Amino acid sequence: MEHRITCPLCEAMCGLRVTVEGHTVGAVRGNPEDVWSRGHLCPKGASLKQIHEDPDRLRLPMVRRRDGEHVQVSWDDAFAEAETVLRPVLDRHGAGAVSVYIGNPVAHNLGLETYVGALVGLAGAAGMPAYYTPGTVDQWPLNVVSALLFGGMWNAPIPDLDRTDHLMMLGANPSASQGSMLSAPDIMGRLAAIRERGGTVVVVDPRRTQTARRATEWVPVRPGTDALLLFALLHTLEERNWIRRPRHLDDMVAGLDDVVALSAEFSPERVAAATGIAAETIRRLAAGLADAESPVIYSRIGTCTQEFGTLATWLVFVLNVALGSVDRSGGAVFPKAAVWSPMFMKPPDQDGPGWQFGRFRSRVRGAPEVLGQFPISCLAEEIDTPGDGQIRALITVAGNPAISAPGARRLDAALGGLEAMISVDNWLNETTRHAHVILPGLSPLERAHCDDLYWMYSIASCVKWSDAVLPAAVGRPAEWEIMLRLAGAVVGTPIPEVDTAALDDLYTQGIVHTACQASDTPLFGRDPTEVFAALRGRGPERMIDLGIRTGPWGDDLGRRPGGLTLDEVRRHPDGLRLGELEGGRLSEVLTTPSHRIELMHPLLTADIPRLLSRIDRASDGLVLTSRRHLRSNNSWLHNVAGLMRGRDRCTLLINPTDAAHLGVSDGRPVDVSTTEGSIRVPAEVTDEMMPGVVSLPHGWGHGVDGTQMSVANAHPGVNTNVLNPAALIDVPSNTQVVNGVPCQVVPVPAAG
């Protein structure tokens, strides 16, 4: 039997054909009939069979005994044990002693993505000060800038890849990531098409990645100085009278002249030494953008996770405005998501016009909140520092912060000291080995799937629903039901006694009630009781039914006969393609107080003096950057044998000039150290790195006692977050700096 599904492993959302005989998975291939991806497939999608069949994947809960060993137990026993360890913390210290960590895989799991909000929301209402995510070591600058400039933290334009004639990319490597906050099948093919039609692709990156190799030009930049380069480009546009002020942006932009005035202090000559890019090159890059008919600039994770990540992300959008590219064909265009999500509305705690930051601070470091979160590195100190408000219980959801959080050694030690730790996870990994109880979810082939968030960043308006390929074991709870049990526990109901059906209704009613009172939602002004009564199904299916029906092509809960519902979408296993990327949506999508693109904000301008001081700062010497690989997805695909084939990928990339100066030989071990720690790793001498910059992949550091991942442990690599300092952050967004970390590299002498 053949099933047509959407791959749930990344933002590309490729359609797959999966054959099944009985309960055995056969082939996994690209689906040429899929309306979105047309047969495109990457190695990650092809690995779904191996992920499902992984003997290390947990099928039953595990409980940690006093000797530290984890043993399998029944679901009833697991829920009872979770109650046993969690309840004393809640009774003695309240919800203020509990926190939640949410991992990136949540965004690719329908049940977790739609119901983790129940856990976080109820825990927050009960007194949990903050929760933690990889957002602050990932894309938080984009969320901050999107909120300030466009009004929504998940609302930003994307490059119109299929119509631009000049694309500049900073900190992005789609050859490995398949796109980030830019959903498109076969992005590398689309980049090649830009060049084939006579256009230009410029990649600004300290490493000549596979993406850079296929571009028109590679421009190496000193990590952490992207904002200086972007300000210099804006300076040059103003100096040469190249700033465009198209009619479609009249009265739709506030603050452009103010930002242009700020660029006066960032001439190409002044920033050249700091960026490592000659002044004449900067002026030529500006001329290329100005001469193009449809230019656009795009930045991603490498730009976010650096010392001035928020300013750099901000300036990308400022430049797109200055080039007249925003909301214009071939430029930076706002997609139209077919599925509305509660994530799109402004959080209820952000009352009043605009967005507020620093509303409360972390207990130990005094870090101000940004979009409700502290830097992920605060988690360790909040656990291991005694005092009122100390975190004594932690719930982790599909995350591995022992690998993915800077200051990893301290966090790993802190996790071992928790009074209660419950993990919702499919593997016994570096983080969950500390858990008192592990509650496993389903495999990607055992659960239904539908994307909503990533259609906000897609090059076409589509909607797809995938039913589960294989049935889950009888009596096994779905992830969304686990979320509801844990949520109920935090507010006082014993975990085994939580009525998940009743709590599901209450949670959905709460979302509907909030949306009906929020002016930035399609439900604004509706009667919550009538809306809830119109919905179909339970759990995630009901949430997606709500999203489809209130989306642009939906039936508006019966008010628009013939519009889409989940039932109708299900009748199209290859998906529905509803619209193409187009401009002209600016007035429709902006939700800022002025209903204009607001380019100036005190949170941003307050950081400019710090950026100016970077220009004349003494050289940091050698600096460390992060990287990822096409066959990896942060830390969570390293136990798939098919993806781990080939040569060792966990190496330190170093330029030949630096290697010769330091006495480093290709393939030989080196000690890499920072102010945070030291690790030993093989060196890989290559001219793909610019001089002065070295690179380690993130997501490694396996082979730890107490874990159960045979493939990953056979290829342990090293944990680069042992090196990334906990205190090194991008100030406006609280994002951890993992690109541009000062380091030392010393060759290890040969034995004897």
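## Helix α11 and its surroundings

Helix α11 itself covers residues 268–275, and its buried residues are Pro268, Val271, Ala272, Ala274 and Thr275. This description, like the rest of the report, concerns a predicted model. Directly after α11 comes Gly276, which has a positive phi near 80°.

Two packed helices are described by the angle between their axes and the distance between the axes. For α11 and α25, the axes come within 8 Å and cross at roughly 75°. An angle from 65 to 115 degrees counts as roughly perpendicular, and α11 and α25 are therefore roughly perpendicular to each other. On the α11 side, the contact is made by Arg270, Val271 and Ala274, while α25 contributes Leu612, Arg614 and Ile615. Of the residues in this contact of α11 with α25, four are nonpolar, none is polar and two are charged.

## Helix α4 and its two partners

Helix α4 spans residues 110–126, and it packs with helix α19 (residues 500–517) at an angle of about 85°, with the axes 11 Å apart. That angle makes α4 roughly perpendicular to α19. In this contact, Thr114, Tyr115, Gly117, Ala118 and Leu122 of α4 meet Leu503, Asp504, Tyr507 and Thr508 of α19. The residues of the contact of α4 with α19 comprise five nonpolar, three polar and one charged.

Helix α4 also packs with helix α18 (residues 479–490), here at an angle of about 0° and with the axes 8 Å apart. Since angles under 35 degrees count as roughly parallel, α4 and α18 are therefore described as roughly parallel to each other. From α4, the residues in this contact are Gly111, Leu112, Tyr115, Val116, Ala118, Leu119, Leu122, Ala123 and Ala126. They meet Glu479, Trp480, Met483, Leu484, Leu486, Ala487 and Val490 in α18. The residues of the contact of α4 with α18 divide into 14 nonpolar, one polar and one charged.

In soluble globular proteins, nonpolar side chains tend to be buried together. In this model, the largest nonpolar core has 117 residues, and those with the most contacts inside it are Leu149, Leu233, Trp314 and Ile597. The helix that gives the most to this core is α14 (residues 309–322), with 10 residues. A second, separate core has 48 residues, including Met128, Ala393, Ile395 and Tyr507.

The contacts of Leu149 can be listed individually. Leaving aside neighbours within four places in sequence, Leu149 is in contact with Trp314, Phe317, Leu590, Thr592, Arg596, Ile597, Glu598, Leu599 and Leu604.

## Glu382, a buried residue in a helix

Glu382 lies in helix α15, which covers residues 378–384. With a relative accessible area of 5%, Glu382 is buried, because the cut-off for a buried residue is under 20%.

When residues up to four places away in sequence are not counted, Glu382 touches Tyr132, Ser362, Arg363, Val364, Arg365, Gln390 and Ile391. One of these, Ser362, is 20 residues from Glu382 in sequence and 8.1 Å from it in space, C-alpha to C-alpha.

Met13 is found in the loop between β1 (2–6) and β2 (15–21). Although Met13 is not a glycine, its phi is positive, at about 55°. Met13 counts as buried, at 1% relative accessibility. Leu371, in the loop between β13 (332–333) and α15, also has a positive phi of about 55° although it is not a glycine. Leu371 is buried, with a relative accessible area of 10%.

His572 belongs to the loop between α22 (566–570) and β18 (576–580). At 28% relative accessibility, His572 counts as partly exposed. His572 and Leu643 are 71 residues apart in sequence and 31 Å apart in space, C-alpha to C-alpha.

## The annotated segment

An unreviewed UniProt entry lists residues 1–56 as "domain: 4Fe-4S Mo/W bis-MGD-type". In the model, the end C-alpha atoms of residues 1–56 lie 27 Å apart, and the span is 18% helix and 34% strand.

Definitions and conventions. Residues are numbered from 1 along each chain as its sequence is written. This is a predicted model: local features need pLDDT of at least 70, side-chain atom pairs count only at pLDDT 80 or more; totals for chains, interfaces and linings use all residues. Side-chain values use heavy atoms; hydrogens and water are left out. Axes are lines fitted to C-alpha atoms, for helices over the stretch in contact, and angles run from 0 to 180 degrees between N-to-C directions. Helices (H or I, at least four residues) and strands (E, at least two) are DSSP runs, numbered from the N terminus. Angles under 35 degrees count as roughly parallel, over 145 as roughly antiparallel, 65 to 115 as roughly perpendicular and the rest as oblique. Contact means heavy atoms within 4.5 Å. Ala, Val, Leu, Ile, Met, Phe, Trp, Tyr, Cys and Pro count as nonpolar, Asp, Glu, Lys and Arg as charged, and the others, Gly among them, as polar. A nonpolar core is a set of buried Ala, Val, Leu, Ile, Met, Phe, Trp, Tyr and Cys residues joined through side-chain atoms within 4.5 Å. Buried means under 20% relative accessible area, exposed over 50%, partly exposed in between (1.4 Å probe, protein chains only). UniProt positions are given in the numbering used here, feature names are shortened, and annotations may be inferred rather than shown by experiment.
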